[in-house]
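Please look over the sequence and the three-dimensional structure below before reading on.

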Amino acid sequence: MFRTSCAALTLSFYVCPKIQKEGYTPFQDSNSLELVPEFHPLRFKDLPVFNGKRVDEFLQFITTSMNLRTSGLICNSIDCLEQSSLAQLRPKLQVPIFLIGPMHKLVPSLSSSLLEEDRSCISWLDKQTENSVLYVSFGSMATMEEKQVADMAWGLANSKQPFLWVLRPGSVHVSESVDLLLDDIKETIRERGCIVKWAPQKEVLAHSAVGGFWTHCGWNSTLESASEGVPMICRPFSWDQKINSRYVSHVWRVGIELENVFERGEIERAIKLLMEEKEGEEIRQRASELKLELQLSVQKGGSSYNSLNELVELIMSV
């Protein structure tokens with residue numbers, strides 16, 4: 001079985017039915033800050049359940065998924081990121097687990113983007129100073145309300161920080177006035193900001209000008225950012241993104257959470273904290289150290305390198 005998500009998400013498939021059976025009522029509360037028993041540092045609100053009405057549907061999905069017969073689990077993850085989750089997951093699965101990530105570093109490839117990339121943003125980045133730009137992208141699926149986009153825009157503008165913002169077509173529920181809003185913003189920010197419909201993300205994150213990433217915390221984006229030592233502002237929307245955000249901010253401590261807040265003042269403060277303040281510099285240092293760990297994992301003798309060889313040996317032995 002190959003899972004493109006983190007190992008902690010797979011572990012949640014075992015935890016969720018257990019805590020529901022034990023009668024933990026916060027399981028029905030998508031906003032509960034109470035810690036999940038035996039699954040720290042996750043809170044009930046971080047679990048991949050959208051709301052109480054869909055709990056039964058979600059648990060049925062888990063049951064089906066966990067009943068699949070498999071001789072091993074492959075994850076696009078790294079041992080140094082998920083040691084605690086692995087320690088709990090191995091006795092539950094009782095099959096070999098192969099962490100062979102970050103796969104985009106282990107086996108680099110050409111772009112697999114389904115959307116056309118605007119490479120003009122790379123030329124714009126080339127003109128910016130080192131670690132000065134905040135890259136903003138919420139991936140290929142997240143959608144927002146018009147007011148949220150307005151608060152994002154003015155939060156970015158008021159922060160006075162250079163930014164590269166990916167605003168994907170179809171990402172705004174009602175978008176009639178978004179073009180007018182962007183015209184106002186562009187007049188305010190002038191050359192300090194660059195707004196594109198899609199960007200070559202891995203290349204952007206590897207660029208020396210990029211000093212932060214405001215992300216939805218999809219697993220691919222999280223790994224790509226961590227692999228380049230780029231600290232994150234996390235604003236998860238759904239599914240595993242809440243788990244990833246919690247690990248980024250409270251376990252690896254290479255980012256900060258911007259949870260349910262979409263208010264321009266809070267956005268401005270979060271950007272300044274990450275990009276200008278001492279706390280942001282400490283986060284950046286931890287992100288650089290994590291980057292080095294991930295680099296070592298895919299090199300000869302590293303955990304992901306060894307795990308891939310073990311996977312090959314298992315396949316060849318069948």
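## Inside the model

Leu125, when residues up to four places away in sequence are not counted, touches Val133, Leu164, Val204, His207, Ala209 and Val210. The model in which these contacts are found is a predicted one. Leu125 also belongs, with Tyr135, Leu164 and Val204, to the residues that have the most contacts inside the largest nonpolar core, a set of 56 residues. Helix α1 contributes eight residues to this core, which is the largest share.

From the cores we can turn to a helix and its surroundings. Helix α10, which runs over residues 241–250, is mostly covered, since nine of its ten residues are buried. These buried residues include Ile243, Tyr247 and Val248, but also Lys242, Asn244 and Arg246. Against which elements do the buried residues of α10 pack? Their partners are the helices α1 (7–21), α3 (83–93) and α9 (219–227), together with the strands β8 (232–234) and β9 (255–257).

Helix α9, one of these partners, holds Ser221. Ser221 counts as buried because its relative accessibility is 8%, which is under the 20% limit used for that term. Leaving aside neighbours within four places in sequence, Ser221 is in contact with Gln201, Phe213, Thr215 and His216.

An open sheet of three strands, in the order β1-β2-β3 and with parallel pairing, forms another part of the picture. Strands β1 (2–3) and β3 (97–99) stand at its edges and have a single partner strand each, so one side of each is left without a neighbour in the sheet. Between β1 and strand β2, which covers residues 73–75, the parallel pairing extends over two bridges, and Phe2 stands opposite Ile74 in β2. Helix α13 (residues 303–317) packs on this sheet, where it touches β2 and β3, and its direction makes about 135° with that of β3.

The cysteines remain to be considered. A disulfide is a covalent bond between the sulfur atoms of two cysteines. How many disulfides does the structure hold? The structure holds zero. Cys6 is in no disulfide, and the nearest cysteine sulfur, which belongs to Cys75, is 8.1 Å away; a disulfide would require the two sulfur atoms to be within 2.5 Å. Cys6 counts as buried because its relative accessibility is 2%, whereas Cys80 is partly exposed, with a relative accessible area of 27%.

How values were computed: Residues are numbered from 1 along each chain as its sequence is written. This is a predicted model: local features need pLDDT of at least 70, side-chain atom pairs count only at pLDDT 80 or more; totals for chains, interfaces and linings use all residues. Side-chain values use heavy atoms; hydrogens and water are left out. Buried means under 20% relative accessible area, exposed over 50%, partly exposed in between (1.4 Å probe, protein chains only). Helices (H or I, at least four residues) and strands (E, at least two) are DSSP runs, numbered from the N terminus. Contact means heavy atoms within 4.5 Å. A nonpolar core is a set of buried Ala, Val, Leu, Ile, Met, Phe, Trp, Tyr and Cys residues joined through side-chain atoms within 4.5 Å. Two strands pair if DSSP finds at least two bridges between them. Axes are lines fitted to C-alpha atoms, for helices over the stretch in contact, and angles run from 0 to 180 degrees between N-to-C directions.
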